[in-house]
Amino acid sequence: MDIIVLTKRVPVTQEEELKIAPDGSSVDLSRVPFRMNDWDSYAVEEAVRLCERHGGTITSVSIGDMESDEVLRRAIAMGAKDGCLIESNQTLLDPFVRANIFKNFIEKEQIPFNVILGGVQSEDDQFGTTCGILAAMLGLPFASMVIGIDEVKDNNLILRRELEGGIQERISIELPCVLSIQSGINEPRYVSIMGIRKASKVERRYFKAEKYIEEDSSNLISVTKLFYPPKKEGAIILHGEIEDICRQLIGILKEKGVLK
Amino acid sequence: MQKQFESRVLVCIQCGKCTGGCPESGRTPFNIRMLVRKRQFNYDIEKSLPWYCTSCNTCTLRCPRDVKPSEMIIEIRSFLVEEGNIPVTLQKSLENTFVHKNPWGKPRSKRSQWADKTDFKVPHISETRHKRLLFSCCIHAYDPRCMVIPINVANILNRAGYEFGILGDEECCCGNEIRRIGELGLFEELMEENSANFEKYEIKEIITLSPHCMNTFKKEYRDLGINVMHYTELLSKLISDGSLKTLKPLERDIIYHDPCFLGKQNNVFEQPRDILKSIEGIKMHEFTRSREISMCCEGGGGRMFFDVEVPYQRNSELRVLDAKKEGAHTIAVACPFCLMNLEDPAKEKDIFVKDISEILMEVI
């Protein structure tokens with residue numbers, strides 16, 4: 001089974017205090033570390049497990065600047081056969097343009113596949129739609145939020161999808177297809193630094209994004225302004241030494257009747 | 001890695017001195033002598049076992065044949081790391097260290113936030129004359145309980161008129177635990193990054209707050225000709241030469257717990273005790289298992305980031321019970337991992353755990 005995995009390099013922002021850049025329409029990421037999008041690492045792991053069981057090859061594809069080469073190295077260290085970087089320095093490529101680039105790239109470069117896997121969404125933009133749009137453009141069936149690939153048959157896959165309220169559904173999807181992979185489907189393996197160094201020796205292929213952007217396909221979404229959410233009223237910040245803060249807190253809880 | 005760190009399992013005579021001193025032996029499924037035997041014959045090793053080791057190094061220090069069983073554990077772990085087959089919490093710690101340069105995944109931009117709380121402005125190392133670096137260690141930089149230690153030590157050094165500087169957010173994890181988890185490639189990266197900064201700022205002396213950092217800088221980094229010491233070594237010297245004076249008496253029963261990486265692994269036994277003895281009113285107690293045979297708190301070798309599944313009475317609890325039996329009011333420690341591990345059982349048993357810097361701050 002030949003698999004294409006879509007991977008993205010994203011900033012790690014969970015613990016950072018993000019600031020809006022002076023231009024007012026982007027976030028200052030100059031001092032923020034980057035890594036492979038969390039959902040994509042589950043997609044790569046799932047691809048590797050499928051190939052370990054059923055044979056085939058994995059091609060990892062990324063759109064981004066040259067720094068995105070690091071996610072291809074990681075994917076290769078995890079088990080992908082090779083990596084393709086579609087070079088673009090544009091920070092926001094909306095999901096339509098992204099999907100369009102992926103579609104044209106896969107068709108023009110004739111990348112073999114039975115399945116295309118991607119993460120459910122990316123940690124930075126969180127559109128969560130690239131895989132779906134790509135499936136529509138390629139005219140292929142699509143399943144989102146996949147939490148298990150239970151059976152691989154000649155012409156179809158048996159999958160589990162996550163629905164609202166904790167319900168799961170089992171579906172059959174025809175091959176070839178596009179799947180967006182939910183986190184938690186597996187436990188992505190640890191990739192050691194030695195492993196990444198070895199993967200660096202595997203040649204990656206580099207392409208220019210312009211080659212795959214159609215003339216009439218421009219961003220459907222553009223950022224007009226970024227702003228901090230307005231401060232709401234009602235919260236009380238307690239100040240002072242820790243004992244003092246605890247005393248104040250207990251006073252408030254008693255006053256509100258929470259603590260008796 | 002240099003030859004001095006390679007294990008020599010083939011020369012093992014199975015005398016059992018390793019197991020005899022191991023803090024995990026007999027109470028957990030971990031048996032170091034059995035693992036050495038299995039390695040001699042290349043038998044399969046149950047994958048959960050190597051992760052029990054706390055890297056206290058007692059086995060290696062006691063071994064009459066220089067087998068270095070603790071290095072063998074690192075070798076086994078490094079195979080598992082290369083296979084990608086390690087406990088999830090350790091995996092997260094390693095990934096965090098790769099991305100954020102600390103195992104907790106905290107932002108690097110906040111690495112020196114403790115320096116905002118000192119009595120004076122702590123200078124960057126580049127602004128200092130003597131190029132003495134205070135190296136904070138990740139746990140001091142980010143853990144709210146341990147953050148008081150760099151603040152205290154910086155304030156004490158300032159009062160003693162001892163000039164020093166910090167690297168700020170250029171500092172990264174020393175890698176001591178990373179090497180012991182078996183991630184040798186990541187250890188090399190951290191070593192290169194820190195060493196490059198030491199060279200860039202022409203650092204002459206490193207004062208570490210954690211014995212773990214001191215250990216790796218002294219023994220495992222390439223030789224940079226830098227004098228590395230633990231902060232208790234420096235403070236003991238400053239007290240004895242009169243630069244630092246303890247002004248107030250402190251009536252207290254104190255027992256000192258020797259951290260493995262400071263005591264048995266680096267022979268720093270007297271200086272922390274000398275600091276405590278210099279304080280008028282303190283009554284010192286000693287554990288039966290102290291100095292070279294001090295009982296490990298089980299915080300080393302990655303155990304701060306990973307807990308084994310088998311339930312057993314932890315060494316930290318035994319240690320607290322021993323301290324109580326000796327009549328101590330406070331257990332004095334000189335390692336952040338010991339502090340964190342001992343404090344939980346101590347709270348339940350109504351006994352205090354204090355870093356030596358915290359005790360000193362009460363009397364100067």
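Good morning. Chain A contains six helices and 11 strands; helices (H or I, at least four residues) and strands (E, at least two) are DSSP runs, numbered from the N terminus. This is a predicted model, in which local features need pLDDT of at least 70 and side-chain atom pairs count only at pLDDT 80 or more, while totals for chains, interfaces and linings use all residues. Residues are numbered from 1 along each chain as its sequence is written, and chains are lettered from A and ligands numbered from 1 in the order in which they are written.

I remain with chain A for a moment. Its C-alpha trace spans about 70 × 45 × 40 Å along the principal axes. Of the 260 residues in chain A, 34% are buried, a term that requires 20 or more other C-beta atoms within 10 Å of the residue's own, with C-beta atoms placed from the backbone.

Next, the interface. On chain A, 15 residues are in contact with 17 residues of chain B, contact meaning that the C-beta atoms, placed from the backbone, lie within 7 Å. Helix 5 of chain A (residues 193-200) gives the most to the side of chain A that touches chain B, namely four residues. That side divides into six nonpolar, two polar and seven charged residues. Here Ala, Val, Leu, Ile, Met, Phe, Trp, Tyr, Cys and Pro count as nonpolar, Asp, Glu, Lys and Arg as charged, and the others, Gly among them, as polar.

I turn to chain B and to one cysteine. C56(B) is located in the loop between helix 2 (32-40) and helix 3 (58-62) of chain B. Is C56(B) buried or exposed? It is buried, because 28 other C-beta atoms lie within 10 Å. Neighbours within four places in sequence aside, C56(B) is in contact with P23(B), C260(B), C296(B) and G300(B). C56(B) and C260(B) are 204 residues apart in sequence, yet 5.6 Å apart in space, C-alpha to C-alpha.

Finally, a helix pair. Helix 12 (residues 270-277) and helix 15 (residues 356-363) of chain B pack at an angle of about 25 degrees, their axes 10 Å apart. Helix 12 of chain B is therefore roughly parallel to helix 15 of chain B, the term for angles under 35 degrees. Helix 12 of chain B contributes P272(B), I275(B) and L276(B) to the contact, and helix 15 of chain B contributes I356(B), I359(B) and L360(B). By class, this contact has six nonpolar, no polar and no charged residues.

How values were computed. Contact = placed C-beta atoms within 7 Å. Buried ≥ 20, exposed ≤ 12 C-beta atoms within 10 Å, placed from the backbone. Axes fitted to C-alpha atoms, helices over the stretch in contact; angles between N-to-C directions. Parallel < 35°, antiparallel > 145°, perpendicular 65-115°, else oblique.
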